[in-house]
Amino acid sequence: MTTIDINALALVLAQAAEAEIRPRFRALAKGDVHTKADANDLVTIADEAAERFIKREVEAQFPGALFVGEESVAADPALLPKLADADLAIVVDPIDGTFNFAAGVPMFGVMAAIVSGGQTVGGIIYDPMGDDFVMAEKGGGAWQTGGHRPAVRLKARGAAPLEEMIGMASTSFFDRERRARVLANLAKVAYVSNYRCAAHEYRTFAGGHLHYLMYNKLMPWDHLAGTLIAQEAGAYAARFDGNPYEPHHVGGGLLVAPDRDSWELLRREVFVD
């Protein structure tokens, strides 16, 4: 079990969204959006303000926990390696889907993962526009809650033949040759897309609406919470080499599927090296 009250942490995410994110949605000035690694890697004043809010509350409510936020690591890259050895850490993406947020598209989320002893033990994905949560604690199942509705236990979609599978794949971080192979192989499935927002992709998967998710670049704030939620919803997740995805991994790819047989089928037929 976690040593952090996951419901208290979820409330912090919602409070940050109310104070710093929703008031700025479709209200950003030109100078409120900046680029980081490239022209499509954006950060807004809402990302920065929300992370400051969450960090302040985490440090006050959960003293001793290492705080690893996307914007904090952007400012201090030496922070990220500390996650591997931390006894207890909270990993935060203040706005996942910043590109959508900056474009005025209401598909973005706030994510947090709880890491204890090198393992992800809690995950939260908050939808600021829908005002609800998808969350999980290790061994406790995945749940959707909030919005004054009863909590609903989530269950991943069952297996299907390859030609009937629908899912999400982010191919942007493959080299050109591998991207071409994977894109050609995706003709074997029924449907592929992506939301440019891992938060909503994981929510959609855990809700039973997709057969697979695939990512190549693995920053912990993007994938720790969602992977745990998918697994607690009954899915099988592993890196491309078949090994488990762990908090310190930042590469090696990630494939999530209804079960191991589906994972192996997708790895062999679609997401090839």
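Residues are numbered from 1 along each chain as its sequence is written. Because the model is predicted, local features need pLDDT of at least 70, side-chain atom pairs count only at pLDDT 80 or more, totals for chains, interfaces and linings use all residues, and side-chain values use heavy atoms, with hydrogens and water left out.

The chain contains 8 helices and 14 strands; these are DSSP runs numbered from the N terminus, with helices (H or I) of at least four residues and strands (E) of at least two. The C-alpha trace spans about 50 × 45 × 40 Å along its principal axes. Of the 273 residues, 55% are buried, where buried means under 20% relative accessible area, exposed over 50%, and partly exposed in between, with a 1.4 Å probe and protein chains only. The accessible surface comes to about 11,900 Å², and carbon and sulfur atoms hold 50% of it (Shrake-Rupley method, 1.4 Å probe; for residues, only the protein chains shown count as cover). Among contacts in the chain with a separation of 6 or more, 62% join residues 24 or more positions apart; contact means heavy atoms within 4.5 Å.

The largest nonpolar core has 41 residues (a set of buried Ala, Val, Leu, Ile, Met, Phe, Trp, Tyr and Cys residues joined through side-chain atoms within 4.5 Å). Residues V68, V91, F205, L213, L254 and V256 have the most contacts inside this core. At least two core residues come from each of β3 (66–69), β4 (88–96), β5 (109–116), β7 (132–137), α6 (198–206), β12 (212–215), α7 and β14 (254–257). Another core, of 33 residues, lies apart from the largest one and includes A17, F67, V121 and Y126. Beyond four places in sequence, V256 contacts F205, H211, Y212, L213, A230, A235, Y236, A237 and W263.

An unreviewed UniProt entry lists E70, I95, D96 and D222 under "binding site"; UniProt positions follow the numbering used here, feature names are shortened, and annotations may be inferred rather than shown by experiment. The four residues span 153 residues in sequence, yet no two of their C-alpha atoms are more than 9.9 Å apart, so they gather at one spot. E70, I95, D96 and D222 also belong to the lining of the largest pocket. On a 1 Å grid over the protein atoms alone, a pocket is an open set of points where a 1.4 Å probe fits, with protein on both sides within 12 Å along at least five of seven lines, and lining residues have an atom within 4 Å of a point.

E70 lies in helix α3 (residues 70–75) and is buried at 16% relative accessible area. Outside four places in sequence, E70 touches K36, E51, V92, D93, P94 and W221. D222 belongs to helix α7 (residues 220–232) and is likewise buried, at 19%. Its contacts beyond four places in sequence are D93, D96, M111, A198 and Y202.

Two loop residues other than glycine have positive phi values. For R26, phi is near 60°; this residue occupies the loop between α1 (6–21) and β1 (33–35) and is exposed, with a relative accessible area of 60%. For D131, phi is near 55°; this residue occupies the loop between β6 (119–127) and β7 and is partly exposed, at 38% relative accessibility.
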